[in-house]
Amino acid sequence: MSLGKFLTSLTFFKQLFLAIVITVVFLFALIKFLDFRTNHGEEINVPDLSKMKLEVAEEKLDEDGLEVFLLDTVDFRPEFPPYTIVEQDPKPNSKVKDGRKIYVKLNAGGFSTVTMPDLINKTFRQAASTIRALGLVEGKTKYVPNIAKDVVLEISQNGKKLKPGDKILKNSTIDFVLGDGKELFKEEELDSVPTQNIDTTTTP
C-alpha cells in the first residue's frame, strides 16, 4: 500500500485516534500525580513555634509535613526561655505548601557581658546615654554635696562600686552618685600666713 493510500485509510485513522487517546490519558495521569506530590490546592497552617525548643519544633513541623531551618541565635531576651524560638518566618497561621521550610531564630542562653567604661566626672546625661547603648539599665540616683551639679562621682551595681574595665551582664541596673552643685568654695584660714607691719608714722 502506498503512503498516500495509508494516510487516507481507516487503519491509519484508527491508529491515530488510539495514539491521541493514549496521550490524553497519560497527560491526565501525569497531572494528577503532580497534584498529589505537591498537594495542589491543599495548604498547611503554620503553627506558632514561639518559646519552643528547637527539637520540639522539629517534631511538631515534621508531623505537619514542614521543615525547620535555624538561621541564627539572637541576644538574650528575658521574656523568652533560654534556647527557645523567638522569631519565625513565615509567621504563625500563614498558609504554606507541604515541605516548606520554616526559618527560626533562637534565644541565647543568657545575657552577654559588657565592659564598664569610665563614667566618672561625666555628666549624668552622657553617662545615662552610654549605659543604655551598652544594654544596661539606669537605676537609682543619689545626690551628695559637690561643687559640680549632675556630674557622676560614683557608679555601682547592687551596692558594689564599679570601676572602669569591670565586666557586668547586660540588662544590669546601674546606680549613680551625683554632685548636687550646692557646695561652695570655703575661705581658708589665714592664721598661718604672717602679717606684715605697716609703718603709719609720717615724716616731718
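**Labels and their grounds**

Modeller: Let us start with Asn171, which is found in the loop between β10 (167-169) and β11 (173-180). This is a predicted model, in which local features need pLDDT of at least 70 and side-chain atom pairs count only at pLDDT 80 or more, while totals for chains, interfaces and linings use all residues. Residues are numbered from 1 along each chain as its sequence is written, and side-chain values use heavy atoms, with hydrogens and water left out.

Colleague: Why is Asn171 called partly exposed?

Modeller: Buried means under 20% relative accessible area, exposed over 50%, and partly exposed in between (1.4 Å probe, protein chains only). Asn171 has 38%, and is therefore partly exposed. Asn171 also has a positive phi of about 75° although it is not a glycine.

Colleague: Why does Lys51 count as partly exposed?

Modeller: Lys51, in the loop between β1 and α3, has a relative accessibility of 47%, so it counts as partly exposed. Lys51 likewise is not a glycine, yet its phi is positive, about 70°. Most residues other than glycine have a negative phi, and most peptide bonds are trans. The bond from Asp89 to Pro90 is cis, with omega near 5°; Pro90 is in the loop between β3 and β4 (95-96).

Colleague: Why does Glu43 count as exposed?

Modeller: Its relative accessibility is 53%, so Glu43 falls in the exposed class. Glu43 lies in the loop between α2 (10-38) and β1 (44-45).

Colleague: What does Glu43 touch, leaving aside residues up to four places away in sequence?

Modeller: Contact means heavy atoms within 4.5 Å, and Glu43 touches Lys95 and Val96. Glu43 and Val96 are 53 residues apart in sequence, while their C-alpha atoms are 5.3 Å apart.

Colleague: Which residues of helix α3 are buried?

Modeller: In α3 (residues 54-63), these are Leu54, Ala57 and Leu61. They cover an arc of only 55° around the axis, which puts them on the same side of α3; the arc is that of the directions from the helix axis to the C-beta atoms. The face turned away from that buried side carries the exposed residues Glu55, Glu59, Asp62 and Glu63. The cover over the buried residues of α3 includes β2 (67-74), β3 (85-89) and β5 (101-107). Just after α3, Gly65 takes a positive phi of about 80°.

Colleague: What is the order of the strands in the open sheet?

Modeller: The three strands run β2-β5-β3, with mixed pairing. The edge strands are β2 and β3, as each pairs on one side only. From one strand to the next, the twist averages 25°. Two strands pair if DSSP finds at least two bridges between them; β3 and β5, which run antiparallel, are joined by four bridges. The bridge partner of Gln88 in β5 is Val104. On this sheet packs α3, touching β2, β3 and β5, with its direction at about 155° to that of β2. Such angles run from 0 to 180 degrees between N-to-C directions, the axes being lines fitted to C-alpha atoms, for helices over the stretch in contact.

Key
Helix = DSSP H or I, 4+ residues; strand = E, 2+ residues; numbered from the N terminus.
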